[in-house]
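Here is my note on the model, as numbered points. Please read it beside the structure.

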Amino acid sequence: MQFGHFDDARREYVITTPRTPLPWINYLGSERFFTLLSNTAGGYSFYLDARLRRLTRYRYNNAPLDSEGFHIYVKDGESVWNPGWQPVQADLDSYVCRHGLGYTVIEGAKGGVRAEQTLFVPLGGDCLLMRLRVTNESGAEKRLSVFPYIEFCLWDAMDDSSNFQRNFSTGEVEIEGAAIYHKTEYRERRDHYAVFWADRVPDGFDTAREKFLGTYGSPARPAAVFGAGCTGSVAHGWQPIAAQQFDLTLAPGASETIIFGLGYVENPREEKWEAPGVVNKTRAREMAARCASPAQFDAALEALAAYWDGLLGRYQVSSGEEKLDRMVNIWNQYQCMVTFNMSRSASYFESGMGRGMGFRDSCQDLLGFVHMIPERARARILDIAATQFPDGSAYHQYQPLTKKGNLDVGSGFNDDPLWLIAGVDAYLRETGDFGILDEIVPFDNDESLSQPLLEHLRRSFRFTKTHLGPHGLPLIGRADWNDCLNLNCFSEHPGESFQITGPSEGPVAESVFIGGMFVKYGRAWAAICRRVGLMEEADEAEAAVSRMEQAVLTAGWDGAWFRRAYDAFGQVVGGKECEEGQIFIEPQGMCVMAGIGKDSGQAAQALESVKERLDTKYGIVLLQPAYTRYHLELGEISSYPPGYKENAGIFCHNNPWIIAAETVVGHGDRAFDLYSRIAPAWREEISDLHKMEPYVYSQMIAGKDAKNFGQAKNSWLTGTAAWNFYVISQYILGVKPDWDGLKIDPCIPAGWDGYKISRSFRNAVYDIRIENPGHVCRGVKRVTADGREISGNVLPVFSDGRTHEVVVTLG
Ligand code: GLC
Ligand code: GLC
């Protein structure tokens, strides 16, 4: 069952009922100001950091669901409704929500009145813009009132939702003409405020929630809307809001348009006030003047569309397979932008309070983003590296506002350092900008500890190299990629964090997965060394990589698949002798991607075992058999009920590792089959089961051991986005940026006749036609560029601002 459909020409997902299985959201803004917006106009805004600069309040895990946001009430006589249905939930005569790239349009009609709400964050602007268009479609004159309503958050979302003894006394606002200023804490240390404005002076307003909703009122039945109108309240403490009232008289067929904005403004310290106690509003007025008129609104919306044309245009496929084109050309890339911006901080599953930018997460997000805006990827790499500890290890996350590492989820995840090499490697391939290696970057944000980025990579590599266990495999530390494989934790008390309890690193517990990473990214490090002339260091690195490869092939090999780890007692994790958890997905994917066992046949055998033991119709589960009881020596992984999350869920993030691995051994049919099992566009028809948005990947789909097999959770913020784009664009469709050119090496289903790709790469456009007359999965027979044959399969760096015609014949 579907709740809408794709409109590829407009690059929108069109939701045709407000009663989606869960709120289906969009992200507005891709620079500094962000808004999460659901299909019924729920959501919230923040500036840079969802925890520290939250502009509007949102109550997670509340009932009814999703009742705070950017709602507009229409009052037509006795009838009160919202164009997005929520929160009043009055039945509508028609409803549609179009989630597009950086904007959303919600339209509802009732009783002869149509109301359309269009929201987006303009490029370069620190504000959300919202246009309301109300049309009288009846045959008689209509006297209506419309009321926009938002609830302010007192900046620090964590404090806002817990520290009521203080916060009920601090709220302050100012009202001036068509604008309401939220200035809580501005009197003392803050030099920022929020402003809600309209393009005309309203007929009424409220800024105290209690007055607008009523003391026991709710957003579903605001006293002011259902009663006598806004009261002109001025908030002192309690809950400051912005609500306005506009009384409209519409002749039959007539429309009225009102433009609203919600902005964030910072004032220099010396310009905080315009009079004692009165906020200096100059910047807010300028902001509103830049975008308050309908023409400015339209121009900003067009600029946004042009911006996305440019970004997505850098990689476009035309395959004849509608779902594939829609994922690659639109939604997967769009999601990569969102994960780049948010890391794992703010979604409808991540509260914006708990997790900032993840070290390993943000490094991996670069894989799907770097081709779009390499300059932003570059800046991100330097930010991440600046949080690294001098010994090469890392804070697990950092705060986007301060860019400083925090210990909320600790450190000592021993895979973290190697992901920095992965991110930088992807950047170097995309740009050829080896100059980045000379950038001087602090350790632990301490300028006195600054070193070139190259030294950061060296320490990443060295950290793993010097933290080996009894089998010569890397020590796992608190956990590796799998945050829940806590082999040194031994938590026996509820409430303890699995990620920060116990010694950070035991001397025994080892990870085969990190061993695979060390081979893959250690080789990348060695190649970088060679490129910059460090020949001896490159040789040493390669020798260490070879030793690791041997350790993985011996101590890490179980007979038919790669083992997962050794626990703190030296017992195998992920081996046939285990009672539960005999085989795990991660080492099969990572080790084969690293090429381990490719020649000896172990790689193909490991993948065969995945097929036999981990495959399901909805994707590959993380492990089997699922843990049915808590294993003290394994930690959080065994705390989840079977089939969920890391305990045998279909953890979508590492499915693409298997897809990539299948291409390493040349299985194009299998690779694409796996790709299509978890890709959202293919799951659209089962939206009632899937539950999450059919246009983006979710972190997890419940596995076969779960009651809700096939149901997804944690949409949007997942490494699945970057990895799937990376794998489909580079490993399957086979256009791989390389240091000295664009390498063409597809691995596709044998049945495909061919396809076209347009790829911008280092200031040139490559128009590539791939032909598969012999119906093979892999193998490039002939390549021509601009009519001339090329030897090998690496297209040169043209860098001439032109378009080049490339024809590739497989066979
Ligand atoms: C979450 C985390 C990611 C981790 C994964 C597996 O998605 O964001 O860092 O690798 O879970 O535990
Ligand atoms: C939980 C989740 C995991 C996530 C981790 C972050 O353990 O299961 O997916 O990565 O929290 O701390």
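**Notes on the predicted model**

1. Aspartate 786 is partly exposed, at 34% relative accessibility; the term covers the range between buried, under 20% relative accessible area, and exposed, over 50% (1.4 Å probe, protein chains only). Its phi is near 50°, a positive value in a residue other than glycine. Aspartate 786 sits in the loop between strand E42 (780-785) and strand E43 (788-790). Strands (E, at least two residues) and helices (H or I, at least four) are DSSP runs, numbered from the N terminus.

2. This is a predicted model, where local features need pLDDT of at least 70 and side-chain atom pairs pLDDT 80 or more, while totals for chains, interfaces and linings use all residues. Residues are numbered from 1 along each chain as its sequence is written, chains are lettered from A and ligands numbered from 1 in the order in which they are written, and side-chain values use heavy atoms, leaving out hydrogens and water.

3. Leucine 48 also deserves a check. Phi is near 65° for leucine 48, positive in a residue other than glycine. Leucine 48 lies in the loop between strand E5 (43-47) and E6. With a relative accessible area of 31%, leucine 48 is partly exposed. Most residues other than glycine have a negative phi, and most peptide bonds are trans.

4. Two cis peptide bonds follow. One joins alanine 63 and proline 64, with omega about -5°. Proline 64 is in the loop between strand E6 (54-56) and strand E7 (71-76). Another runs from glutamine 86 to proline 87, omega near -5°. Proline 87 is in the loop between strand E8 (79-81) and strand E9 (94-99).

5. Is arginine 670 buried or exposed? It counts as buried, at 10% relative accessibility. Arginine 670 belongs to helix H17 (residues 668-678). Beyond its neighbours within four places in sequence, it is in contact (heavy atoms within 4.5 Å) with Val610, Lys611, Asp615, Glu662 and Arg677.

6. Which residues are around ligand 2? They include Arg355, Asp483, Glu636, Tyr640, Lys645, Glu646 and Gln699, where a residue counts if one of its heavy atoms lies within 4 Å. A polar side-chain atom of aspartate 483 is 2.5 Å from an oxygen atom of ligand 2. For glutamate 636 the corresponding distance is 2.8 Å. For tyrosine 640, a side-chain N or O atom is 2.5 Å from a ligand 2 oxygen.

7. The second largest pocket holds about 480 Å³ of space. Of its 25 lining residues, the closest to its centre are Arg355, Asp483, Lys645, Glu646 and Gln699. A pocket is an open set of points on a 1 Å grid over the protein atoms alone, where a 1.4 Å probe fits, with protein on both sides within 12 Å along at least five of seven lines; lining residues have an atom within 4 Å of a point. Volume is the space filled by probe spheres set on the points, which are joined across faces, edges and corners.

8. The largest pocket has about 830 Å³ of space. Among its 35 lining residues, Arg429, Lys520, Tyr726, Tyr731 and Lys736 are the closest to its centre. H12 gives the largest share of the lining, six residues.

Key
A polar contact is a pair of N or O atoms within 3.5 Å; within protein, one must be able to donate a hydrogen and the other to accept it, and residues adjacent in sequence count only if both atoms are side-chain atoms.
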